Every structure is written in C-alpha cells, then in structure tokens.
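Colleague: Could you take me through how to read a strand and a few backbone features in a model?

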Amino acid sequence: MSAADTPDLPRAAALLRDLLGDRSLTPTDPDFAAAATLWNGAVARMPALIARCHDADEVAAVLGIARRCRVPLSVRAGGHDWAGRALRDGGLVLDLTGMREVTVDPDAGTVTVAGGATAGDVVAALRPYDLAVATGVVRAVGMAGLTLAGGYGPLCGRHGLALDNLLAAEVVLADGRRVTADAAHEEELFWALRGGGGNFGVVTRLTYRAHRLPAALAGMVLFALDEAVDVLRGYRDLLADAPDELTVMAGFLPGPAGEPVVFVCPVWAGDDPEAGRRHVDRIRALGTPLADRVAVLPYEEVLRMFDGGMADGNHYLLRTRWLPGLSDDAVAVLVDAARRITSPYSAIALHHFHGAATRVPVGDTAFGLRAAHLLVEVIAVWAPGDRPAPHGEWAERTSAALAEHALPGGYPNLLAPTETDRVRLAYGDNWARLRRAKHRYDPRQVLSAVPTLPAVTGGA
C-alpha cells in the first residue's frame with residue numbers, strides 16, 4: 001500500500017467528531033465495544049471508527065470523510081448478516097441503527113421506513129391499522145438488508161418477496177449524491193437495488209406497499225424425528241396444492257431437550273383466517289403432533305414465533321441451497337443431516353417460494369430465480385468456547401449432499417463472502433446487467449454489501 005492509499009485515521013476521527021460529536025466512536029470510547037458487537041459471536045472484526053448517523057445528510061458527509069481520508073467503509077443497518085459484513089477490520093462503520101423511524105400512510109396503503117428500521121419496528125407500527133408488509137420471519141432483522149437482496153417470508157405466496165413490495169428508495173451514492181430510485185426515477189438503480197443488495201449506495205429510506213391483514217391463521221406443529229420422512233413427504237404434497245394465501249415453512253428445530261424435532265409452520269394470509277383451517281388439519285394429520293400451536297394472530301405476533309430461536313452471542317455459520325422441490329433423495333439428505341446434528345442449537349429451515357413471487361418476470365428485478373422452489377437454510381450454531389470445526393463440517397457436509405439435488409446458485413442474502421461463483425449463478429441472465437449497474441453507481445468499489453459482488457473493471 002502506497003502512502004497515497006494509507007488511511008488517515010486521525011484526520012477522519014477528528015472530522016467525524018466535529019460532524020457527529022459523541023455519536024462518533026473510536027476504540028477508546030466506552031460505547032465502542034457494544035457498537036462493534038454483532039449478534040453472531042463468531043464474528044471477530046475490529047473497526048477503527050464508528051459513525052452513528054441520524055439522517056441522509058450525515059450519511060453523505062460521512063461518505064465524504066471516508067473518501068477524503070481513504071478509510072475503507074462498511075455499512076451497518078440491521079447488522080443481521082451472519083457473516084458480519086457490517087463490520088470491517090480497520091475501517092469506518094457507517095452505522096444506521098439509530099435511524100428507525102416508521103411512517104404509515106393508511107389511506108395510500110404505504111409505509112416508509114428509515115434505513116436502520118427492523119421488521120419488528122415496521123409490523124408494530126402497522127398493527128393499529130390492520131396492515132402488514134412482506135417481511136422475513138425474524139423481527140430483529142433489518143428491513144433494508146432483508147429487502148435489497150430478497151426477503152423470503154410468511155407472505156411470499158400472497159404478496160411476493162419483500163423486494164417485490166418496494167416502491168421507492170432514498171439512496172446516498174458513493175460520491176455523496178442523494179437520489180430517489182423508483183419506477184419513474186433512477187430506474188436502473190431501482191432495478192439493481194431489488195435483488196443486488198446495498199452494493200450501489202447507502203439506502204437511508206424505503207417505501208413499501210402495505211396490505212390489509214387484520215390477522216393470519218399461523219403457528220407451528222411439531223413432530224418427532226422418527227416421523228420426519230413421512231412428514232416431509234406430506235409437506236411436499238401439501239405445497240403442490242397450496243394456494244397463494246398459504247405459505248408454509250418446515251424443517252428441524254431443537255426440541256425441549258436439545259434433540260431435533262420436525263416443525264411445520266403454516267401461515268394462512270387470506271381474507272378469512274378460518275378458511276385456512278382445512279390446510280392446518282392436513283398438517284396435523286402428517287403424523288402425531290408433539291405440540292400444536294396454531295391460532296389466529298395479528299401479523300406482529302406471527303413474527304414472534306422465532307424470537308427465541310437464535311440467541312445473541314452464540315456462534316453461527318450458515319449454508320444455503322435452492323431446491324426445485326422435495327424429492328425422496330432430498331428428504332433423505334435432510335433427515336440424515338438432522339440425525340447427525342452436532343449441536344443442540346443448530347437447525348434446518350425450508351422456506352416456501354411460490355404464488356405471487358413466481359409471477360414477477362425474472363427481468364423486472366435483479367433477483368434471479370422466479371420458479372417455484374424451496375430455500376434451504378442449514379444453520380450451524382454452537383456455544384462460545386465450543387470447538388467450531390464439527391459444527392462447520394456438519395453444515396458443509398449437508399450443503400454438499402444437497403448440491404446434486406439443487407438449482408444453481410443460492411440465496412444471495414445467505415451466501416458466504418467467498419462464494420462469488422454461486423452469487424453469479426444466482427443471478428443467471430441478470431448478472432451482466434447487475435455488474436454494469438455496479439460500475440455505473442459505484443465505480444470505485446466503495447461499498448461492499450450482501451451479496452458480495454466481485455470487483456468490476458471497465459464496463460463489464
């Protein structure tokens with residue numbers, strides 16, 4: 001690294017302190033350690049500076065300081081990326097976690113959220129209006145990161161991915177310009193943001209289409225591991241008949257004593273919750289339920305089902321595959337993985353992609369897979385101090401065993417930073433256009449987000 005490329009951290013720290021006061025943090029500040037800690041305890045990165053921004057003007061100013069002082073940058077919004085890309089060793093964290101405002105326009109059926117807002121913030125604000133927006137399944141996840149690379153969730157069949165419901169985004173580009181991207185302005189940026197992640201600018205505000213949903217019939221039915229083959233085959237048959245209103249997760253979770261159990265999690269998001277009862281009865285008949293917790297719930301409560309599943313501070317490693325369906329061979333791989341699980345905290349989740357999400361033409365957004373499929377999350381979890389190798393190897397073996405039954409690529413929001421070959425395959429015919437958008441909006445590679453896009457040269 002030449003002197004011209006060496007970060008000028010003292011100058012950057014002084015400029016940030018002038019701009020943000022005590023919202024600019026260095027390692028000597030008492031709040032720094034907490035601000036540099038993520039939910040995944042396996043992430044051990046140490047930034048040099050943290051800038052806690054409150055609005056787009058401050059974001060633009062921080063980008064300017066990073067540029068002038070040659071300090072590498074990362075952006076923290078929800079901070080829920082398992083690989084910890086919100087933090088950068090020796091870099092400057094542009095922290096949006098204080099930007100969590102949510103504004104509901106019930107007459108227009110829209111909701112506008114700041115760049116650091118979580119799914120929990122949004123569904124809580126919408127609840128008094130009997131409205132919901134497409135989210136993931138975990139309330140703590142940031143809406144921006146979830147949306148920009150996808151957004152599988154309980155409303156996928158009825159309303160599509162989270163990104164399919166994005167109407168507009170306020171973006172601060174790497175050069176400090178503030179733009180609004182929507183169907184009529186910065187159309188190419190709007191296309192790239194819906195699937196390409198935060199690689200094109202810092203998204204400080206997002207506006208979504210909201211949907212009337214006073215309540216959903218939802219919950220979880222648990223079965224013993226010995227019944228897993230029959231339950232998953234029955235789950236496959238259920239999905240083949242599922243209407244748009246019904247989106248169903250399944251997989252394996254830790255049971256009361258840490259042993260894996262099969263879960264099936266239906267969400268009926270139709271206008272009449274009672275109309276979903278026959279589908280729930282069909283799930284109950286897949287085996288002998290160990291637990292049956294299905295009820296009519298406000299959408300905010302639907303998202304509470306997984307609140308206790310992932311404890312902050314544990315260590316996590318995720319692998320992902322896209323399955324075109326649940327063949328008997330794929331079922332065998334999943335059940336074998338559950339039987340060989342190495343930790344009482346680990347899990348496997350199957351997310352249901354169908355209905356409205358499949359009817360968006362593949363070229364309308366950057367998201368590269370619109371055929372009906374299942375997203376598999378292989379989630380290795382272990383306690384701090386435990387040896388990571390057995391758990392990581394379990395996840396890798398499971399992913400490798402699923403590969404021969406899987407579609408190319410994988411969900412960009414969950415791929416590891418090193419899996420750039422699978423990122424390319426995930427976007428298919430959209431890849432070349434996405435790379436051109438990266439070169440157009442961030443030619444100096446200032447921003448590196450989820451998914452990790454390889455460096456772009458020229459107009460490639």
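Modeller: We shall look at one strand and then at some backbone angles. This is a predicted model, in which local features need pLDDT of at least 70 and side-chain atom pairs count only at pLDDT 80 or more, while totals for chains, interfaces and linings use all residues. Residues are numbered from 1 along each chain as its sequence is written, and side-chain values use heavy atoms, with hydrogens and water left out.

Colleague: Is strand β12 (residues 216-223) largely enclosed or exposed, and why?

Modeller: In a regular strand the side chains alternate between the two faces of the sheet. In β12, Ala216, Ala218, Met220 and Leu222 point one way, Leu217, Gly219, Val221 and Phe223 point the other way, and all are buried. Because eight of the eight residues are buried, β12 is largely enclosed by the rest of the structure. Buried means under 20% relative accessible area, exposed over 50% and partly exposed in between, with a 1.4 Å probe and protein chains only; strands are DSSP runs of E of at least two residues and helices runs of H or I of at least four, numbered from the N terminus.

Colleague: Which strands are joined to β12 by bridges?

Modeller: Two strands pair if DSSP finds at least two bridges between them. Seven bridges join β12 to the antiparallel β15 (residues 291-297), where Leu217 has Val296 as its bridge partner. Five bridges join β12 to β14 (residues 260-268), also antiparallel, and there Val221 stands opposite Val264.

Colleague: What is the phi of Glu186?

Modeller: Most residues other than glycine have a negative phi, and most peptide bonds are trans. Glu186 has a positive phi of about 50°, and lies in the loop between β9 (178-182) and α7 (187-196).
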